[in-house]
Amino acid sequence: MNKEPKTNPWLALMALVPGTAMTFMDQTILPVALPAIQKDFEASTVLLQWSVNAYLLTLAILVLVGGKLCDQIGQRRALLIGLALFALSSALCGVSPNIYWLVFARILQGIGAALLIPCQNAFVAKLFPPQQRGKALGIMVSLGAMFSITAPMLGGYFVQTFSWHWIFWINLPIACAGWILTCAYLPSVSPRPTKVDTQGFLYFALCSGLLTFAFMEAQNRGFSFLCVISLLALAPLALLVRREKKAAH
């Protein structure tokens, strides 16, 4: 039985940095460009907020399912798919002709991030022995925090010097670097069968989506709208709690 050549874990860790950079930067880089986007698209405040929250909400809903998918198709393959999808969606954001296109492309970015984040954590667990995992995860978290902090300054520079489109196009060379480093330094991982709690996922998605929609639309539609939609969100929340008490996974 042929064994795969031993991988230098610290080089492999650096292969995860581009994905970390993109997923963290795109959480904080967009707000500084909102005035320029609003001027170009003549978009409402709520739609501008959706261009930010569409990414975060999609990521929050899909990240657990993304982890299951990483196991099912293999972590390196899932990471490469996530990098490609993030690059494609970033390009779509950069060429957005209107605010609705931008919101849709941000949803695709969230899907890509939902593949990248669990794959990165899984690789850290695979590459490092237990006594080094804390150090490796600490490095990844520190880098993520650094990218989150510097992203608004970088976004402001792009908006002032070039245009707001550049806050998305910067992801393309980063994704390319991530793809090359992943192919060069990350080992292939055999897929393994996993089960997804489909019902629990649907209840969680409905509850999260309804609550986010309620709070974002309440400023235009009033407190009564917030109360009604929040009450509707309690139904899938109750079903989620009931389901998770019985679910094997």
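Predicted model: local features only at pLDDT ≥ 70, side-chain atom pairs only at ≥ 80, totals over all residues.
Residues are numbered from 1 along each chain as its sequence is written, and side-chain values use heavy atoms, with hydrogens and water left out.

C70 belongs to helix 4 and C119 to helix 6, so the pair ties together parts that are 49 residues apart in sequence. Helices here are DSSP runs of H or I with at least four residues, numbered from the N terminus. Look along the S-S bond: the torsion is about -95°, so this disulfide is left-handed. A search of the whole structure finds one disulfide.

Next, select C93, which is buried at 0% relative accessibility. Its closest cysteine sulfur, in C176, is 16 Å away, too far for a bond.

**A buried arginine**

From C93, step to R106, which touches it. Is R106 buried or exposed? R106 is buried, with a relative accessible area of 0%. R106 lies in helix 6, which spans residues 99-127. Leaving out residues up to four places away in sequence, the residues R106 touches also include D26, S51, Y55 and F168 (contact means heavy atoms within 4.5 Å).

**The nonpolar cores**

Select L16, I37, I99, I167 and L186 together. In the largest nonpolar core, which has 60 residues, these five touch the most other members. Such a core is a set of buried Ala, Val, Leu, Ile, Met, Phe, Trp, Tyr and Cys residues joined through side-chain atoms within 4.5 Å. Zoom in on L186 and show its contacts beyond four places in sequence: among them are A12, L16, R76, F123 and L181. A second, separate core has five residues, including A214, A218, L226 and I229.

**The largest pocket**

Select L64, V65, D197, G200 and F201, which lie nearest the centre of the largest pocket among its 13 lining residues. How much space lies in this pocket? About 290 Å³. Helix 4 (45-73), helix 10 (198-221) and helix 11 (223-246) are the elements that give two or more residues to the lining, and helix 4 gives the most, with four. A pocket is an open set of points on a 1 Å grid over the protein atoms alone where a 1.4 Å probe fits, with protein on both sides within 12 Å along at least five of seven lines; lining residues have an atom within 4 Å of a point.

Select L231 in helix 11. L231 counts as exposed, at 58% relative accessibility.

Finish at E42, in the loop between helix 3 (34-41) and helix 4. E42 is exposed, with 72% relative accessible area. Check its backbone as well: phi is near 55°, a positive value in a residue other than glycine. Most residues other than glycine have a negative phi.

Notes. Buried < 20%, exposed > 50% of the residue type's maximum accessible area, 1.4 Å probe, protein only. Points joined across faces, edges and corners; volume = space filled by probe spheres on them. Disulfide = S-S within 2.5 Å.
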